Amino acid sequence: MADETVLETRLADLAASGRRLAAPMAADRIRARGERRVRRRRAVLVSGGALLAVAVGVGGLSLTGVPRGPEPPAVVPTSTASPFAPPAPAAGEEYAAELGHVYGAVVKGDAVQVTVEQLRSEGGTTAPTGVVHTLTLPRGTLVETRRLLDGKSEDVELGALVDRLASGPRWAFAIDYDSEGRVHSLREAYWLTG
């Protein structure tokens, strides 16, 4: 019991000294502390509101759409390109040849447009491959002829042969292409016509 009284006495002394040393806060300090809390709360609300406004603005811009370019077509376009690709010369070769009937020649200014029905050679005879394309060539393109000019073997400009090549597929030619896909010359494939 003696320990309890000593403890009670000590606690009572401690409480009394705390009351003497602890001074209550002044009213102006209490008001200042409250005003700081109110200012902090307002600052948080204002910055949160500004952040919300920016987020809504950015979201609205993304929804209304910044110009992104043309929309894709509703119907997927189909390729209208010809299945023809000019032959490429083999390694060490200057030209590559395409075998075909040349017909439908039409003069277009300084050029001649012809239709080419691609052929494949099968044992001395020819068979169409199903590939048909047009070429527009300068009138001065050289054509090596033999039977086309009644058996005369000579080089003639394409412009001079328009009348003979205007009808349907009759004359077979080897068309020489360079490495850039340009036509260099035409050679009558007389060896295929018997």
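This is a predicted model: local features need pLDDT of at least 70, side-chain atom pairs count only at pLDDT 80 or more; totals for chains, interfaces and linings use all residues.
Where in the chain is the place of Thr141? Thr141 sits in the loop between strand 3 (125-138) and strand 4 (142-145).

Residues are numbered from 1 along each chain as its sequence is written, and side-chain values use heavy atoms, with hydrogens and water left out.

First, the chain as a whole. The chain has 3 helices and 7 strands. Helices (H or I, at least four residues) and strands (E, at least two) are DSSP runs, numbered from the N terminus. In sequence order the pattern reads α-α-β-β-β-β-β-α-β-β.

Of the 194 residues, 24% count as buried. Buried means under 20% relative accessible area, exposed means over 50%, and partly exposed is in between, with a 1.4 Å probe and protein chains only.

Now contacts, meaning heavy atoms within 4.5 Å. Take the contacts between residues at least 6 apart in sequence: 46% of them join residues at least 24 apart.

Back to Thr141. Is Thr141 buried or exposed? Thr141 counts as buried because its relative accessible area is 7%. A polar atom of the Thr141 side chain lies 2.8 Å from the backbone oxygen of Pro138. Leaving out residues up to four places away in sequence, Thr141 touches Val156, Glu157, Leu158, His184, Ser185 and Leu186.

Val156, on that list, belongs to strand 5 (residues 154-157). Val156 has 12% relative accessibility, so Val156 counts as buried. Beyond its neighbours within four places in sequence, Val156 is in contact with Thr141, Leu142, Val143, Thr145, Leu149 and Leu161. Between Val156 and Thr145 there are 11 residues of sequence separation, and their C-alpha atoms are 7.2 Å apart in space.

The loop between strand 4 and strand 5 holds Leu148. Why does Leu148 count as buried? Leu148 counts as buried because its relative accessibility is 0%. Outside the four places on either side in sequence, the contacts of Leu148 are Leu161, Arg164, Leu165, Trp171, Phe173 and Glu188. Leu148 and Leu161 are 13 residues apart along the chain, with 8.8 Å between their C-alpha atoms.

Next, strand 2, which covers residues 111-122.

Thr115 is in strand 2. Thr115 is buried because its relative accessible area is 18%. Residues up to four places away aside, Thr115 touches His101, Val102, Tyr103, Val132, His133 and Thr134. Pro169 is 54 residues from Thr115 in sequence, yet the C-alpha to C-alpha distance is 8.9 Å.

Gln118 is also in strand 2. The side chains of Gln118 and Glu98 are joined by a polar contact of 3.2 Å. A polar contact is a pair of N or O atoms within 3.5 Å; within protein, one must be able to donate a hydrogen and the other to accept it, and residues adjacent in sequence count only if both atoms are side-chain atoms. Not counting residues up to four places away, Gln118 touches several others, including Phe84, Leu99, Ala127 and Val131.

Arg120 counts as partly exposed because its relative accessible area is 41%. Setting aside neighbours within four places, Arg120 is in contact with Thr125, Thr126, Ala127, Pro128 and Thr129. Arg120 and Leu99 are 21 residues apart in sequence and 6.6 Å apart in space, C-alpha to C-alpha.

A cavity is a set of points, on a 1 Å grid over the protein atoms alone, where a 1.4 Å probe fits but cannot get out; lining residues have an atom within 4 Å of a point. Grid points are joined across faces, edges and corners, and a volume is the space filled by probe spheres set on the points.

The largest cavity has a volume of about 40 Å³. Its lining consists of Glu144, Thr145, Arg146, Ser153, Glu188 and Tyr190. That lining divides into 1 nonpolar, 2 polar and 3 charged residues. Here Ala, Val, Leu, Ile, Met, Phe, Trp, Tyr, Cys and Pro count as nonpolar, Asp, Glu, Lys and Arg as charged, and the others, Gly among them, as polar.

Conventions. On a 1 Å grid over the protein atoms alone, a cavity is a set of points where a 1.4 Å probe fits but cannot get out, and a pocket is an open set with protein on both sides within 12 Å along at least five of seven lines; lining residues have an atom within 4 Å of a point.
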